[in-house]
Each structure stands twice: as structure tokens, then as C-alpha cells.
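Visitor: I am new to this structure, and I would like to know what the words used for it rest on. Could you walk me through them?

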Amino acid sequence: MRTIEFVTKEMSRRKRKTIAGILCILLGISIFVAAQTINNALYDKAKEQLLRFGANIIIQPGGDLFDKNALTQGTALLPEVYGKRIQTIEHAGMIVAVSPKLYERFLVGDVSLSVAGITEDEIKAKPWWMIDRKIVTDQFPQGNEILLGHYTAAHLGPVSKVNLGNEEFRVTGILDETGSADDLMAFVPLHILQGLTGRERLVNVIEVSTSCISCSTMNLYDIADEIDKALPDDARVIPVKQIAEAQIGTLTKIEDFIRIVYIVVLCLGGFLMMNYMSSTVSDRRHEIGILLAIGADARKLYAFFVLKALFLGVIGGLTGYALGTIISMAAGPQIAGTSVPPLLYLLPYSVAISTAICVTASILPAKKAAQLDPVEALQEV
Amino acid sequence: MIELRSVTKSYGRVGALNNVSLQVTSGDFLAIVGPSGSGKTTFLNLVSGLLSPTSGETLVDGVSLGKLGPRERAALRREKFGFVFQTFNLISYLTAIENVEIPLYLAGAHPAKQRLRAGQLLEKVGLKDRLFHLPSELSLGEQQRVAIARALANNASALLADEPTGNLDSKTGKDLMAYVKELNGLGVTVLLVTHDPAIADFAKRKIRIVDGRIIQ
């Protein structure tokens, strides 16, 4: 016999007691895993939803901040190539979309139509753009094609072609209502509008969408700083503080709440495990007395209890992970409103946390066992 | 050799053993008789080092137990003594052979060696067919024989038996004592606590303890 066999035999032949021990820690670990998994799904969903606030860094032409006409009438311009320079910054991986835009007004019949020249990055920055509730793909305008905003289309009436200046544009689709200024506009390829207006390789504004959800406000400003350094002085880089702070604030609150919940539950698990191990020592007083009488020393008894706690921890960690994942996948869609994929990286964490709790909780009861008076214990039947 | 020098053991104001001096030589078979509560079990517990005397000294092979730490006393119990209790005190979730392996395991013997030795001992006590039975699947007599095999596992030089036949019927008790006597014939010192005169008759000599004193 080895110590490990002694412990596993005790656990396997006293199944009910063993299951009770596993349940003590399984509860905490499964809630930890479920909370983390659902949190992760909420996080991804929040990330997707918060992106809908639009760009969180805007690059405008420099110059007089108070020259309203220059900005609103589209006379202030930036080189389009700045958009490419933005993609070269150190944290370019956090950039979801760089959308350069050029604006112009055209008279279509008696309607003064605001037209924006855009690139395909506009779709990445605006994942909520839909045509008949489907994501815009083939309808994105190419060459002499035009995409109409919801109210623009309503104003123009049923048309299949629109003339901008002397050029004729085929209507590729009508955007579903967005609730933004986009509803009142029309969109053509950037390079076509540049050619049409004689403003080759120039834009009015470049909008940058970042995925800086998990980072702090400072990180968003860091990215803005990096962009600022990558561009010449004639460009003004403006991080949109409100969006960043809203993103961070919402997610931090969710995370803090979930963290408090599982810390409380894990503490409870540790408390239950300590009680379980203490009751195990009480139940096994007579057996401990026998072992002490026939020559076991305190070290051996420590080894029995700590090894048992280790096994309970590993089994509790594995089963807690499995149960937590099942709970999160079953309840997640109700809570997060989205599918909840399992997080495999939580498995080693679950086992490590569970084992640490069980071993820590077993130290005092093991000490109690080692200090038992064998004569007293042997008298108990 | 086991020696008690003016040993007194009391629990608070209650005296369990009073100024007892005694020598037990190797190969002796001593029966300690007396009524319940007279101090017989306390005597055995003092000899094994499970209890420390309030005053006086207990020596085993010339070593004073009072000078040993808990770990050294545990090692002494492992190496020199074998215990047989009235209630057998087998570990309920271990099979007969695993119960006999425990002292060998505690002494650090290799698992294969433990298994071999435990099997041989159980064969000697007539339990060759019961090796893998749990205590609950054995008769009381069989359980006590497992306890004896366990007591002998580490080649104990002394067997400390506390009412070993107390839970057995008369015939099984006598069979068991015949086996204990056989062991004594092989050189094992036996200290037997009993209140049954018929069982005490198996011993080479007897002492009677009454109210914590040896009176004969």
C-alpha cells in the first residue's frame, strides 16, 4: 500500500462522503466558471453593441477650430493617404476600421442631396447598416453606383437611377432606417466622388473605429496619441471621450459585479470544504486513534488529509468546470442574449483554484487530526 | 525488556495507577487481571508510550519513553509492539490483507513486500481464503485473527493484547489464545489484559491490579 492508495481506497469505498466533499467545492467552481463564461459572452456582445456608437477617434483637418464653415461646408481637406499612415501605428491591431469620407451636395430634381464618398471600411465601422435586414455586401456601390439612406430614398421616390452633376448612378440599394444622419444621405465610392468634385485623393474627415473595449480610457488616448504622432501637423486627432468612458464604465460595472459574486461563492466553497474536512476528522477519530496506536506519526496523518483535499480539489475543479460550462451554455443565451461558447482556458484555472481552496481548507483539520490523543480516540466507537 | 519504575498515572485527582514497579523480560507471557476500572488498560498504554506517566519512568529495552519525542514513540510502537484490541479496531474500508499491510506501510516497506508479508501472515492465522474481504464480511473470530496478523506484521517483539477475547465466544477465544501461546513459544513477549481467569491461565505468570496497585 502507498499513501495515495490509502487515500483513494478511503474515497472510493466511502462514496457518499466523497461525493459530499466534491459537492462542497463543485458549487463554487461551477458558479465561477459559469459567471466567467457568461461574462465573456456579455463582453463580446457589449463590444459589438458599443461599436455601434460609431467611430471613437476622428481625424479632421487642422487649422482654426472655430472656422465652422470650413468643416461643415467641406472646404477643409485632408490627404486621403493619412488613412494608410494610421494603419502603421504600433497598436494598429486594435483598429477595426479607418473610414475616410468626402462630402458634397448635389441638386437632384428639386432635392438638395448630401452625398458622401466612402470606402468599404465604412461597413466594418457600421455593422448595423442593413438592407432588408441583411448586412450590406453586394449592394456596396462600385463605380457609378449609389446607395441611398432611408429618408433620402423616401424623398426621391421610387428611382433606379440618380444623376449627380452630369453623371448617372445606378441605385444599388436603400439602407434600412438607422436613426442617424446616414438616413438623410446617399453614398458613392470615395474615388468616384473625388473625381466628380475635382478633389483627387482628398477627404474631409477620417473616422477611426477601435476595438479598445478591454483597455482603459488611457489606452484609447494612447492610440489617439500614436495616430497623432504618425500624422503631420495639419491633421487634428480627436478621441471621442464620452464613447470611451461609456464603454469602459459599462463593462467595468458588469465585471466588478461578477467578480464579487464569484469571490463570495468561492469563499463559501472554502468554508464548506473546511467544515467538511473538520467533520471528516471527527468521523474518523477512532480510525486516527488506531493509526496513531500502531505507529503513524503526525506527518503521515497530514499527508492523508492534504492528499485527500488535493484529490477533492482536482475532481471538484474538473466537474465544476464541466457543470459551470453546461450552466453557462444553457442559461447564457437567456442572460446574455447571445450564444455562449465554452472557455477552455478556464479549465486549468478551475482546477488550480479548486485545489488551492481544498488544500488550504484542509490544513487546520489535518493539524487537529495529527494532534488527537490516541487513547481518547480509541475509546470512541 | 519492559520495565516500570514507580509509575503513577492520575487524571486530575483520580488515580489510575499508583506507584507500580514491574519488569517483563523478553519471551515472558504476563497476564494482567483485575476488575473493570482497576488500571489494566492504563498499564498497557503506559508500556506502549500512548500515555505518559504522571511520575515514575517506563523503559523499553533500556530506553526511557519519557525521553522520546512523539515521532520517536510512534516509531517505537511501530517497530517493537503489536496491538490487539477487544474491538479489533480494523479499518472498516480496507480489506483483511490491506489492514495487515498498514504497519508495514507505516514502517516504509515496499508495496510488493507488504503484500507478500501480509499474505503470509493471514495464511498463518488461517485466513488464506479471506484476504480480500472487508472486516464487515468476516466473523468476529476472523476479524481478531486479522488483528493478530496486523500486530505481528513488523516482527513485533511484544504483543500488547487488551481483552482480545472479550468479543469472542468461549471456543473461539480459547483457539485464539492457543495461537497467542504458540507465538509466545516462538519468543514473542505477550502482555495480556483480561478479566477472565480462564484466559489468564494461558499466561506464564499473572499479576492482579486493584485500584491502581499490583496486589499479587
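Guide: Gladly! A residue is called buried if 20 or more other C-beta atoms lie within 10 Å of its own, exposed if 12 or fewer, and partly exposed in between, with C-beta atoms placed from the backbone. This is a predicted model, where local features need pLDDT of at least 70, side-chain atom pairs count only at pLDDT 80 or more, and totals for chains, interfaces and linings use all residues. Residues are numbered from 1 along each chain as its sequence is written, while chains are lettered from A and ligands numbered from 1 in the order in which they are written.

Visitor: What makes A:Gly109 count as exposed?

Guide: A:Gly109 has 12 C-beta neighbours inside 10 Å, and exposed means 12 or fewer, so the word applies. A:Gly109 sits in the loop between strand S3 (95-108) and strand S4 (111-118) of chain A. Helices (H or I, at least four residues) and strands (E, at least two) are DSSP runs, numbered from the N terminus.

Visitor: Why are H11(A) and H12(A) called roughly antiparallel?

Guide: Helix H11 (298-336) and helix H12 (residues 346-370) of chain A pack at an angle of about 150°, their axes 7 Å apart. Axes are lines fitted to C-alpha atoms, for helices over the stretch in contact, and angles run from 0 to 180 degrees between N-to-C directions. Angles over 145 count as roughly antiparallel, under 35 as roughly parallel, 65 to 115 as roughly perpendicular and the rest as oblique; H11(A) and H12(A) are therefore roughly antiparallel.

Visitor: Which classes of residue make up the contact of H11(A) with H12(A)?

Guide: There are 22 nonpolar, eight polar and no charged residues. Ala, Val, Leu, Ile, Met, Phe, Trp, Tyr, Cys and Pro count as nonpolar, Asp, Glu, Lys and Arg as charged, and the others, Gly among them, as polar.

Visitor: How do you know that chain A touches chain B?

Guide: Two residues are in contact if their C-beta atoms, placed from the backbone, lie within 7 Å, and 18 residues of chain A are in contact with 23 residues of chain B. On that side, chain A has nine nonpolar, one polar and eight charged residues.

Visitor: Which residues touch the most other members of the largest nonpolar core?

Guide: They are B:Leu122, B:Leu159 and B:Leu191, in a core of 115 residues. Such a core is a set of buried Ala, Val, Leu, Ile, Met, Phe, Trp, Tyr and Cys residues joined through C-beta atoms within 7 Å. Helix H2 (residues 15-50) of chain A gives the largest share, 13 residues.
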